[in-house]
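Dear colleague,

Please find below the structure I wished to pass on to you, with its sequence. My notes on it follow.

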Amino acid sequence: MKSDHLSIIAMHPHAILPLHGYIWGAICHQLLPDLYGCGAATEIAMRLPVLRHTLRYLSTRSADKKGLLHQLQVEEENLFILPGGVAEIFYSQRRRQPNSLPFTQTIKAKRYGLMKLSLQTGARIFPAFVFGASDMLDQLFHVDQNVASKEKDSKTFDIGLMMQSISRKLKGGIALYYGQYYLPIPHTPKLSMVLGNPIYPVENTSERNVNGNKLTCKRIANPTDAQVEELMDRYVNALQCLFEQYKVEAGYPNDRLVIT
C-alpha cells in the first residue's frame, strides 16, 4: 500500500464495540502514520468522556461529510472508517458453536455516502474484513436480518429493531451487551484481518490532489446515481470475494456473508 495515493480503508464488521478498529488504529498511528492518516467516528462518540480522549489520541474526527472532504482534499490525509456504523452494530452476534459449523454473518456495506465521497475526492478504497471481530461480546438484543427485511410488513414488536431505530436517530449505538462472566470483559477469539486490493473510483485515471501532494483518480464533483451504483457494486463484490477467499484460512470454512 503506497502512501502517495489518497486512500480510504473501509473495515467490516463494526461489531458491538469496534475494539479491533482501535487496535488497528493504534498500530497504524504508531508504526504507519503516513499510511494511516486519521479515523472517523460518530458525533456522539466524540463527546463521550474517556472514549473521546482515546479517539482523539488515534487522530479520529467526527464523520460529518464536510469534515471528511476537508480531511481528504485539503489536509491530504488517508481515512480509516468502519462504514457499517450504527446499523451494523445491531447485526453483531457472537457465535456459540464451533467455528467449523455453518454460521451467517451480516454486515451493512451498501453505503452510498462513502462511494460518493470516494468519487468526489478520487480516493481509492481498500476493503477490509476482520474475522472474529463479532465474537468478542454478546448482544442482548440483536437484529435478525430476516426480521429486519420484513419489519415494514409486520406488526411484531422487536426490541432489537426498536433500539436500532433509536440509535440511528441519536447517531450513536445504544446496545446492551456483556462478555466473560456476564461482565463487560471481552472474550478473546482469534482475530484475522484481511485487506483487499484497492478499488479505484474512476479506473485508469490519475491526477494530483487539490494541494498537489498526493495522487488521486479523476475527481467528480457531482457524481451521478449510476456512477455511485457502479462503484458500490464493485465494492460489495470485492468484499464478498475477500470473505470467501480467506474464510477457510481464518478458521471459518462454512460461514456465509450477507451484505445489506
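**Overall dimensions**

A compact globule of 260 residues would have a radius of gyration near 18 Å, and the protein agrees with this because its own value is 18 Å. Please bear in mind that this is a predicted model. The C-alpha trace spans about 55 × 40 × 40 Å along the principal axes of the protein. Its secondary structure comprises 9 helices and 12 strands.

**The contact of α4 with α6**

I looked next at one pair of helices. Helix α4 covers residues 65-74 and helix α6 covers residues 112-121; their axes come within 11 Å and cross at roughly 35 degrees. The crossing of α4 with α6 is right-handed. On the α4 side, the residues that take part are K65, L68, L69, L72 and Q73, and they meet K116, L117, Q120 and T121 of α6. By class, the residues of this contact comprise 4 nonpolar, 3 polar and 2 charged.

**The largest pocket**

The lining residues divide into 27 nonpolar, 13 polar and 7 charged.

With kind regards

Notes: Residues are numbered from 1 along each chain as its sequence is written. This is a predicted model: local features need pLDDT of at least 70, side-chain atom pairs count only at pLDDT 80 or more; totals for chains, interfaces and linings use all residues. Side-chain values use heavy atoms; hydrogens and water are left out. Axes are lines fitted to C-alpha atoms, for helices over the stretch in contact, and angles run from 0 to 180 degrees between N-to-C directions. Helices (H or I, at least four residues) and strands (E, at least two) are DSSP runs, numbered from the N terminus. A crossing is left-handed if the near helix is turned anticlockwise from the far one by less than a right angle, and right-handed if clockwise. Contact means heavy atoms within 4.5 Å. Ala, Val, Leu, Ile, Met, Phe, Trp, Tyr, Cys and Pro count as nonpolar, Asp, Glu, Lys and Arg as charged, and the others, Gly among them, as polar. The radius of gyration is taken over C-alpha atoms; the globule rule is 2.2 Å times the number of residues to the power 0.38.
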